[in-house]
Each structure stands twice: as structure tokens, then as C-alpha cells.
Amino acid sequence: MKKMFKRAIHLPMGWSFLKYLNNKIHSYTLAKNKSLEVAHPSTIMIEVTNHCNLRCLVCPRETVHGKQMDKGYMNFGKLKMIVDQAYPYIDSIGLTGLGETFLYKDIVEAVKYIKNKSKGIIVSCSINAHLTNCVEIVSQLVGLIDTIQISMDGLDDTYNQIRIGGDFNFFKENLSKISMLANNTDTHVMLNVVLVKENYHQMAAMVDFAAKMKIHYLNMRPINLSADTKEDVSYNQFFFSDEFKRELNAAKAAAKKYNDLEFTCSELKTGGGFNTCIYPWNYFYITWDGYLPLCCGQPFPKELNFGNVFNDGLMASLNSEAYQEFRKLWYANKTPEFCKNCTKIFFGASISDN
């Protein structure tokens, strides 16, 4: 609600406001008429890099397709070009992707460039808090960026087991400093946990840890196997086990002890079919080299992409012939082969069947 209010009081002015408002109306009209085209997006995710300092078991980057990706950093001039094409229509921009965002040397300048367009554009990023200079970078971003999401995925040895190359004590030290920097500023810190068999027994303990670190937002979500070439979707059945439900209820009970902590466990009760997925229509993902894959679950341009924003422009790519053909499947509620292992599809089907 705070972000919505911030966006509302910082909407574009003058001619830019008219363009913004007209685009909202255009978006509504396209959806009502079941068009295969989209209006200028309200939300985009810009992958500033897909390089990373860790090798996490839960990351699509560590799958076969992920290891076959070209690696690099987005040219800062190209990033500005995307922002220029998205403005004044854009409401939020995520500066994140498969890599460690703070490895991008222009991250502070990127946030400043967006905020200079409009203070009301909600800007977020995702980090692992495992760089030696991450606290220094945060010190330059607090009060400027809206949300810093920090990946955790476990405590102590479990953290070290899942986040290969990481050290929990080092992470904890950085997290404590980041939390202190962000306290009483307009920058929110959120911990994100990907739930797997190795860590779900720590859910309640992670709630207590977040509260101890004075973190106000903690989200947990099941692993998305859409990119995983090793596990079958039957892996997800443990989320319906009595043991998992007990651990989840324990986490919810723990969260009630803390008035300043908002705990969510997303995606376990969402879904219902391919036509509930938002990604063909909004929250578009742009890779570091300009390609437009379907989503963050499988941002592998060599497997599937709908054009290159650098070459064709943002709107031409979003409304490419290939993308419009893909959206036909959405209207028919026919799950593409590419999406068959997605968490949203699995839990939507499973919940409706149970």
C-alpha cells in the first residue's frame, strides 16, 4: 500500500500524464477485446547481469540450459534506452535476473537514472548479500531504491549446503549491517526463501531469524522446477505432506509473535492453469543482451525468446508475431511444453484436484 501511494503521488505530469492515462485505457481495451497485443508495460524486469558469485542449488542458472547461456553485463547505454522506451508508462522496474545484481558496476547510476525519470517508479533489486562491498553499495542506495530483496534459503549449515560458495556467518554479518542501514528509510529489505526438501524444516526458525535481524518482510515460495532438467514435478508432492503443513503452520504461528514482521508463503495456493499466468502479458523479462524470454523461471533465450529489444525496440518485441502466437495458447488455456513443469501450473492442478 505504501508503494501504491508513493506511485500515486508521483505520477507523470502534463503531457506525460495524458500518455500514461491513455496507455492504461488502451491496456484495458486490449484485454477486454481479447487482443493478442499488449500496451506499454507497467512492469519490467531488467537482467543487468547473469554472472554470479554463488552456485545455488535452487537457481535456474545452475541447470543444463542455464550453464549454456551466454554470460555478460548489460551496456549502461542500452539500459537507459530500455528505460526511455518504457517511460512514462512504466510503474515499476526490477533490476535483477539470474545474476548477482551488485556485480553490475553501474547499479547505483541505473537506479538514479530511473528515479530521475520519476520518483514514483518503484525500483527493486535482488541480491545475495555475499559480496565484500555489498554493504557499501547498499549505503549508496538506501532512501533511493524501494526494495532490496535478499535471498537466504536456509540457516547455518543448510544455507551453506544450498547456497554453494557461500558462508552463513558472512551472510548474517552483511544482513545485519544492511538492515541497520535501511532502518527508518524509504528502502524496504525483504528476505526471500526458496523452499526445498533440504530447508523446509527451518521455516519457523527462519521467521525468528528475520525478526531478530529486524527484517520487516519475509517471503517463502516453493522451488520452480520449470527449468530443472533433473527433477520430475512429482518432487513437489512433499508440499502436500502432513509434515510440511505442520512446519508451515509453525512458521505462521511464529510470525504472529512479531508485530513488525510480515510473513508470506506465496504460490502454494495460486494457479489453476496456463491462463492464470501473468507473464505473457506483464512483468516482462529482458536479458542482459536484450532478448525477451518468457519469464524469470526460464530466462534462456536459446530455448525460447520473442525478439531482441536492442535490435527491434521494446514494443515491437512485446508484440512480435511469435509472442502473439504464444498468447493464443493462453486464451485456449493450453499449457505449452516449455511451461509444463512450472510451479503455477503444478499447484493450480494439484490444489484443484485435492
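Where is the place of P88?

1. P88 sits in the loop between helix 4 (76-86) and strand 3 (92-95). Here helices are DSSP runs of H or I with at least four residues, strands are runs of E with at least two, and both are numbered from the N terminus. The peptide bond from Y87 to P88 is cis, and its omega is near 10°.

2. On provenance: this is a predicted model, in which local features need pLDDT of at least 70, side-chain atom pairs count only at pLDDT 80 or more, and totals for chains, interfaces and linings use all residues. Residues are numbered from 1 along each chain as its sequence is written, and side-chain values use heavy atoms, with hydrogens and water left out.

3. Two backbone angles deserve a look. Most residues other than glycine have a negative phi, and most peptide bonds are trans. D156, not a glycine, has a positive phi of about 55°; D156 lies in helix 7 (residues 156-162). K214, also not a glycine, has a positive phi of about 60° and belongs to the loop between helix 9 (203-212) and strand 8 (217-222).

4. Accessibility of these two residues: D156 is partly exposed, with a relative accessible area of 44%, and K214 counts as exposed at 60%. The classes are buried under 20% relative accessible area, exposed over 50% and partly exposed in between, with a 1.4 Å probe and protein chains only.

5. The structure holds 0 disulfides, a disulfide being a pair of cysteine sulfur atoms within 2.5 Å. C295 is in no disulfide, and its nearest cysteine sulfur, that of C296, is 5.5 Å away. C339 is likewise in no disulfide; for C339 the nearest cysteine sulfur is that of C295, 6.5 Å away. C295 is buried at 12% relative accessible area, and C339 is buried at 9%.

6. Aromatic pairs number 18. Rings of Phe, Tyr and Trp (its six-membered ring) pair if their centres lie within 6.5 Å; planes under 30 degrees apart count as stacked, over 60 as edge-to-face and the rest as tilted. One aromatic cluster is formed by Y200, Y235, F238, F239 and F244.

7. R327 lies over two rings: the face of Y323, at 4.0 Å from the ring centre, and the face of W281, at 5.3 Å from the ring centre. The criterion is NZ of Lys or CZ of Arg within 6 Å of the ring centre and within 35 degrees of the ring normal.

8. What lines the largest cavity? The lining consists of H65, Q68, M69, F300, P301, K302 and E303, divided into 3 nonpolar, 2 polar and 2 charged residues. Ala, Val, Leu, Ile, Met, Phe, Trp, Tyr, Cys and Pro count as nonpolar, Asp, Glu, Lys and Arg as charged, and the others, Gly among them, as polar. The cavity holds about 40 Å³ of space, and the count is 1 cavity of 30 Å³ or more. On a 1 Å grid over the protein atoms alone, a cavity is a set of points where a 1.4 Å probe fits but cannot get out; a pocket is an open set with protein on both sides within 12 Å along at least five of seven lines, and lining residues have an atom within 4 Å of a point. Points are joined across faces, edges and corners, and a volume is the space filled by probe spheres set on them.

9. The second largest pocket has a volume of about 430 Å³. Its lining has 21 residues, of which K2, T185, D186, T187 and H188 lie nearest its centre. The largest share of this lining, 3 residues, comes from helix 1.
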